[in-house]
Amino acid sequence: MVNMQTVTNDAIKVLKDKIKVLKAAEGSIYLVGPIKLPVNLHGETVNFQWYCWLNSKEETEDIGQIIDNLSSANLAEYQQSSVLVYGDFQNNEEALIRMHSICHTGDIFGSKRCDCGYQLKQSMQMIVDNGSGALFYLANHEGRGIGLFSKAMAYILQENGSDTVEANEKLGFVDDSRNYSDAIEVLKALRSKPVTLITNNPKKLKALKDAGLPVSGRTPLWGDVSEYNERYLQTKIRRSGHLEEAGTFLHD
Ligand SMILES: [Zn+2]
C-alpha cells in the first residue's frame, strides 16, 4: 500500500530516537530499533532485540523527511535486512555473530535441499547459549546473491545434473556475489569489541576482516545432513572453499 499522507509530528516524536542514520560507502543506512521481539526458539521463548535497516542514496538526517520519503518508496516490493541482537551485545566480552543469507526455501518452507533453515535456528541457539550475540539476516543474499527467481532456475539445472556452483555459472553468475559492507556498518554501530563469527566459510571471515572488523575467531556450524542436501554440502566443501570440521561430515 502506498501512503501519500505526510508523517505526523506524533510519529516523529516517538521514532526520532529509534532511527539512526549511518554513513555507508554510498549514501546512508537507516537503522531502526531496538524493538522487543520474543521468539519461539526450540520450544522456549527467548527475548531478542530486533533492528531493521535500509540503504538509501539520500544523505539527510531529518527523520521527518526520511519517513515521508519512505511512504512512497514501495518498500514491500523489496526486501530489507535486519538483525536479532541477544544479551548485552555492546559490552559483553564474548559475542557470537552470524551473517545469515536469506533462504526463502530453507528458512521459510523448511526445504531440505540445503542446510539454511537448520543453520538459522542453530546459530540463534548458539548466540543465546553464549549469552550475547547477533544474527544478521541478509535479505539481498538469496541464492548467494542471484535472487529467488534465478535460484529456482538454478535448482532446475541441478535437477538436470549440474552442481550448485556450475548451475550459477551456467546462468551467467559468479559463484558468490554476496556483499557484507552494509551489515558490517550496522555491526560497528552496535558493537566495537571483537566478535566471533559463526561460519564454515572462510570467505565470510576474510570479508569481515578486510572491512576492518575486529574478528577474534570462527566457530563452525555443521549438521542436518540428509540424503537431500548431502551433494550440496559436499559441493560447498569441494568447490566453494568451505571448511570441513573433522568427523562432522562426509560419508564417502
Ligand atoms: Zn538454503
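Residues are numbered from 1 along each chain as its sequence is written, and side-chain values rest on heavy atoms, with hydrogens and water left out. Because the model is predicted, local features need pLDDT of at least 70 and side-chain atom pairs count only at pLDDT 80 or more, while totals for chains, interfaces and linings use all residues.

The zinc ion has as its protein donors Cys103 (SG), Cys114 (SG) and Cys116 (SG), which lie 2.2 Å from it. Donors are N, O and S atoms within 2.8 Å of the metal (3.2 Å for Na, K and Ca); water is not among the atoms, so sites may look incomplete. Along the chain, the donors of the zinc ion follow the spacing C-x10-C-x1-C. Cysteine 114 and cysteine 116 are both buried, a term that denotes under 20% relative accessible area, with exposed over 50% and partly exposed in between (1.4 Å probe, protein chains only).

The largest nonpolar core holds 27 residues, of which Trp53, Val83, Ile97, Met99, Phe136 and Val186 touch the most other members. Such a core is a set of buried Ala, Val, Leu, Ile, Met, Phe, Trp, Tyr and Cys residues joined through side-chain atoms within 4.5 Å. Among the elements that each supply at least two residues of this core are strand S2 (28-41), strand S3 (44-56), helix H8 (181-190) and helix H9 (202-210); helices (H or I, at least four residues) and strands (E, at least two) are DSSP runs, numbered from the N terminus. H8 gives the most to this core, with 5 residues. A second, separate core of 17 residues includes Met124, Ile127, Ile198 and Leu221.

In H8 the buried residues are Ala183, Ile184, Val186, Leu187 and Leu190. They lie on the same side of H8 because they cover an arc of only 160° around the axis, the arc being that of the directions from the helix axis to the C-beta atoms.

Serine 150 belongs to helix H6 (residues 148-159) and counts as buried because its relative accessibility is 12%. Leaving out residues up to four places away in sequence, serine 150 touches Leu171 and Phe173, where contact means heavy atoms within 4.5 Å.

Two arginines lie over aromatic faces: arginine 113 over tyrosine 155, at 3.9 Å from the ring centre, and arginine 191 over phenylalanine 89, at 5.6 Å from the ring centre. The criterion is NZ of Lys or CZ of Arg within 6 Å of the ring centre and within 35 degrees of the ring normal.
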